[in-house]
Amino acid sequence: MAAAMASAAERAVLEEEFKWLLQEEVHAVLKQLQDILKEASHRFALPTSGSGGVIKPENFVLSTSGTDQVKGVLTLQGDALCQADVNLKMPRNNQLLHFAFREDKQWKLQQIQDARNHVNQAIYLLMNRDVSYQFKTGSEVLKLMDAVMLQLSRARNRLTTPATLTLPEIASSGLTKMFTPALPPDILVNFYINLNKLCLTVYQLHVLQPSTTKNFKPAGGSILHNPGAMFEFGNQRYEVSHVHKVECVVPWLNDALVFFTVSLQLCQQLKDKISVFSSYWNYRPY
């Protein structure tokens with residue numbers, strides 16, 4: 001009898017704790033998540049003070065260890081490359097090529113745009129449950145956290161996982177028409193985000209003659225193609241002879257990735273707290 005009363009009393013305490021969790025702590029965590037994600041979202045905009053929302057251009061110097069074949073400066077304005085000024089030293093004859101974006105061209109970085117959209121979607125989900133909203137079950141909180149975590153994971157993945165492209169896709173992209181003077185036919189370039197870095201890859205090609213004894217095997221999709229990769233484009237077969245990758249760190253992308261990690265941890269911690277209540281005396285708040 002005493003044990004049963006103790007069990008009932010413990011259950012009552014547990015129910016009060018769970019009620020407090022739903023009414024108070026959940027909203028405190030949601031507010032904390034909103035604040036963090038708004039900071040993350042601001043990193044993608046970077047307006048100048050007093051400029052009415054105009055995004056400030058930022059210059060970044062491209063570099064890599066162990067080679068000086070490619071050097072350059074990129075100008076990033078929000079999610080767009082508004083200028084690229086690149087010098088390329090050709091290994092065959094040490095000829096120095098210089099190419100830059102045309103003044104009327106910008107190159108949108110879809111990875112940044114997508115990541116920002118996923119962050120804003122996560123914020124929207126959180127704002128739909130303001131302080132006046134009453135959570136009635138743990139499953140309701142878990143469902144919200146799963147939805148927010150999905151958007152945050154997608155935002156992070158867009159920055160950490162560049163798209164895989166075939167060499168013909170790179171050759172036919174609008175990027176090849178961005179430059180003045182025009183890129184020579186034996187040069188391909190690709191820009192992408194990898195974690196907190198803005199990367200430029202330059203592919204130097206040579207034409208495979210019809211009489212070549214090489215076994216032609218077109219390369220598939222990849223983030224970075226290696227020397228020896230072959231492809232066909234415009235009724236001509238090519239092989240990659242040299243690959244140069246240079247990059248620069250974008251500090252605010254690093255900030256955003258940290259915010260994503262912290263937010264995902266907060267979501268998981270809240271999910272864990274909700275789940276704890278299901279482990280006592282077959283208690284099922286959800």
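The model is predicted, so local features were taken at pLDDT of at least 70 and side-chain atom pairs at pLDDT 80 or more, while totals for chains, interfaces and linings use all residues. Residues are numbered from 1 along each chain as its sequence is written, and side-chain values rest on heavy atoms, with hydrogens and water left out.

The chain contains five helices and 10 strands. These elements are DSSP runs numbered from the N terminus: helices are H or I runs of at least four residues, and strands are E runs of at least two. Of the 286 residues, 40% are buried. Buried means under 20% relative accessible area, exposed means over 50%, and partly exposed lies in between (1.4 Å probe, protein chains only). Contacts were counted between heavy atoms within 4.5 Å. Among contacts between residues at least 6 apart in sequence, 66% join residues at least 24 apart.

Helix 2 spans residues 110-127 and has 18 residues. Its first and last C-alpha atoms are 26 Å apart, close to the expected 26 Å. The expected span is 1.5 Å times one less than the number of residues. Helix 3 covers residues 138-160, with 23 residues. It reaches 32 Å, close to the 33 Å expected. An α-helix has 3.6 residues a turn, so residues three or four places apart point the same way. The buried residues of helix 2 include Q111, D114, A115, H118, A122 and L126. I112, V119 and I123 of helix 2 are buried as well. In helix 3, the buried set comprises G138, V141, L142, L144, M145, V148, M149, Q151, L152, A155 and L159.

S41 counts as buried because its relative accessible area is 14%. Its side chain forms a polar contact of 2.9 Å with that of N120. A polar contact is a pair of N or O atoms within 3.5 Å; within protein, one must be able to donate a hydrogen and the other to accept it, and residues adjacent in sequence count only if both atoms are side-chain atoms. Beyond neighbours within four places in sequence, S41 touches V119, N120 and I123. V119 and I123 are themselves buried in helix 2.

V61 sits in strand 1, residues 58-62. It is classed as exposed because its relative accessible area is 59%. V61 still contacts G72, V73, E247 and C248, residues up to four places away in sequence not being counted. V61 and V249 are 188 residues apart in sequence, yet their C-alpha atoms are 9.0 Å apart in space.

Rolling a probe the size of a water molecule over the atoms shows where empty space is left. On a 1 Å grid over the protein atoms alone, a pocket is an open set of points where a 1.4 Å probe fits, with protein on both sides within 12 Å along at least five of seven lines; lining residues have an atom within 4 Å of a point. Grid points are joined across faces, edges and corners, and the volume is the space filled by probe spheres set on them. The largest pocket holds about 310 Å³. Its lining has 18 residues, with W107, A163, L165, N190 and F191 nearest the centre. Strand 5 (107-108), helix 2, helix 4 (167-172) and strand 7 (187-194) each supply at least two lining residues. Strand 7 gives the largest share, four residues. The lining has 11 nonpolar, four polar and three charged residues. Here Ala, Val, Leu, Ile, Met, Phe, Trp, Tyr, Cys and Pro count as nonpolar, Asp, Glu, Lys and Arg as charged, and the others, Gly among them, as polar.

The second largest pocket has a volume of about 160 Å³. Its lining includes P184, P185, F231, F233 and Y238. Strand 7 and strand 9 (230-233) each supply at least two of the lining residues. By class, 10 are nonpolar, one is polar and none is charged.

Most residues other than glycine have a negative phi, and most peptide bonds are trans. T180 and P181 are joined by a cis peptide bond, with omega about -10 degrees. P181 lies in the loop between strand 6 (179-180) and strand 7. L195 has a positive phi, near 60 degrees, and lies in the loop between strand 7 and strand 8 (197-207). L195 is partly exposed, at 42% relative accessibility. N235 has a positive phi of about 60 degrees. It belongs to the loop between strand 9 and strand 10 (236-249). N235 is exposed, with a relative accessible area of 77%.
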